[in-house]
Amino acid sequence: MEHKKEDFSEWYNEVVESAGLVDKRYPVKGMHIWRPYGWKIMHNIDTYFREIFTDYSHEEVNFPLLVPETEFKKEAEHIRGFEDEVFWVTHGGLDELDIKLLLRPTSETAMYPMFSLWIRSHADLPLKIFQIVNVFRYETKQTRTFIRMREVHFFEAHTAHRTYEEAEKQIKEDIEIWKKIAKKLALPYKIVKKAEWDKFPGAIYSLGVETIMPSGRTLQIATFHQYGQNFSKPYDIKYLKEDGEHEYVHQTTFGMSERLLGAIVGIHGDDRGLIIPPEIAPIQVVIVPIVTKKKKEVLEESKKIRDELKKSGIKVHLDDRDNYTPGYKFYDWELRGVPLRLELGPRDMEKGQVVLVRRDSREKISVSREEYIGKIKTVLSDIQDNLYNRAKEKMEQKIVNVESLDEINNVEGVAAVPWCGSEECGHEIEDRTERKIIGSPIEEGDVKKCVICGKETGKVAFVAKPY
RNA sequence: GGGGCCGUGGGGUAGCUUGGUCCAUCCUUCCGGCUUUGGGAGCCGGAAACCCCGGUUCAAAUCCGGGCGGCCCCA
């Protein structure tokens, strides 16, 4: 295993494959195979999405992958934002298509023609739907597992509302949902408002959820967009108000992707491999029996333990492979990031105990057979909290307040600098630091002087190198 | 967008500069067998590779051209 600190990029590339998440050998750039273990983790994340969005009155749908060129071209800014990175389907068999089809880079242009048919009156609103599908973008830059792909496992929620204020409320609700997701995935984050020139193509404004990877680069792991009526007008999505007048709806979206898994890998992993937060781990406890001459007894006891744990709702796996030694298994499961290991050997059998080993701290805990289930539950929840807290602490250290341009390049992470908010000053900050403004915190702080023009401002720019 | 590096069994590599010593090295993996098991066990036997197309040459993993693919750094 590469050393994470010395060469994060190499470490990351190696661990995603060796831990059994993906197989990168598929012969198309930016597309990989999800292997069973990786797919299970992603699936667990998706399952949680389904759960929580359903709790917040969203319904799951599934739209076609192909979008006709004619629908795609209805919103001018949206086209400009995506046209250079869409995959086109130009032929059916040997015949050229009259109307070309594109692979969705995101689903606005697939969904909104249907919204126009679905929404008739105020009673149809709000409309809240989501889907979990793959989207395609023709990335020309270098691709990276989970982080920059040409085929992306994508979550998108779309809502339509009567008024701008109702759409604003939706975004507040989205942030509430996000906070729960962040806890579930143990991911620390900052929410920022995107600069005017960096918002989603077609949006009035965009909020980004940013986290910081160990390399110091920032990673956008979720977005919320306020569309206002920018899409409802070209797509003719109108509703009949109580007073009999027609009005265009106000729309929002909430997007996330497999980047979340990239963040989990990068932020929690170590030189031994992955560390999967217990809440989304396919295997929360792995039992490694130490079988010697007392083979039978230890194995039988292990099975009993497995069944007990399963009954109490813990995701457990018994590693009864007899062609590997315990040492090999320890390394193997650590690589895969199983949060808790349970060892049972002849010595433990005599004492009526089991040994627990935490993946996050490697702490060994001996616990009696009477108390072990309760203890496991406590420890799993403690690991979840510990992962979140220590990641949060590390991330906060990477955000540094600075008040001059020169200081920015000494920051390994995010430099928070006073900025008047103008596009001219913004671009100058980016050009002179060779970094990007990834956005600004929503709440303004103390009044300081813009690092470029010196104007007084409470606004801050987060300046960093994004992925 | 610019620059650099690279492509050899399933994975990681040696060989390439200076063509022949290569029916290709080592580690790992996989298969069969015996023996083992509290932090990557051992022995025996076996399987498995020069990215593609073209060129130079008596001779190409090695040199040249093109293609495809991958990686890294910078903007």
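Me: Serine 232 is found in the loop between S11 and strand S12 (238-240). How do you know what counts as a strand here?

Reply: Strands are DSSP runs of E of at least two residues, helices are runs of H or I of at least four, and both are numbered from the N terminus. This is a predicted model, in which local features need pLDDT of at least 70 and side-chain atom pairs count only at pLDDT 80 or more, while totals for chains, interfaces and linings use all residues. Residues are numbered from 1 along each chain as its sequence is written, chains are lettered from A and ligands numbered from 1 in the order in which they are written, and side-chain values use heavy atoms, with hydrogens and water left out.

Me: Why is serine 232 called buried?

Reply: Buried means under 20% relative accessible area (exposed is over 50%, partly exposed in between, with a 1.4 Å probe and protein chains only). Serine 232 has a relative accessible area of 0%, so it counts as buried.

Me: What makes the pair of serine 232 and glutamine 229 a polar contact?

Reply: A polar contact is a pair of N or O atoms within 3.5 Å; within protein, one must be able to donate a hydrogen and the other to accept it, and residues adjacent in sequence count only if both atoms are side-chain atoms. A polar atom of the serine 232 side chain lies 3.4 Å from the backbone oxygen of glutamine 229, so the distance falls within the limit. Serine 232 also touches Ile237, Tyr248, Val249 and Gln251, if residues up to four places away in sequence are not counted; a contact here means heavy atoms within 4.5 Å.

Me: Which strand holds histidine 250, and why is this residue called buried?

Reply: Histidine 250 lies in strand S14. Its relative accessibility is 11%, and therefore it counts as buried. Its side chain reaches the backbone oxygen of arginine 162 at 3.4 Å, and among the residues in contact with histidine 250, leaving aside neighbours within four places in sequence, are Thr159, His161, Tyr164 and Gly228. Histidine 250 and proline 126 are 124 residues apart in sequence, yet 9.6 Å apart in space from C-alpha to C-alpha.

Me: How do you know what covers the two faces of S14 means for its residues?

Reply: In a regular strand the side chains alternate between the two faces of the sheet. In S14, His250, Thr252, Phe254 and Met256 are on one side, Gln251, Thr253, Gly255 and Ser257 are on the other, and all of them are buried. Eight of the eight residues of S14 are thus buried.

Me: Why are S3 and S20 called edge strands?

Reply: The eleven strands form an open sheet with mixed pairing, in the order S3-S7-S8-S14-S11-S10-S9-S22-S25-S21-S20. Strand S3 (59-60) and strand S20 (399-401) each have a single partner strand, so one side of each is left without a neighbour in the sheet. Helix H2 (residues 36-55) lies across S3, strand S7 (127-136), strand S8 (151-161) and S14, and runs at about 5° to S8; such angles run from 0 to 180 degrees between N-to-C directions, with axes fitted to C-alpha atoms, for helices over the stretch in contact.

Technical notes
Pairing = 2+ DSSP bridges.
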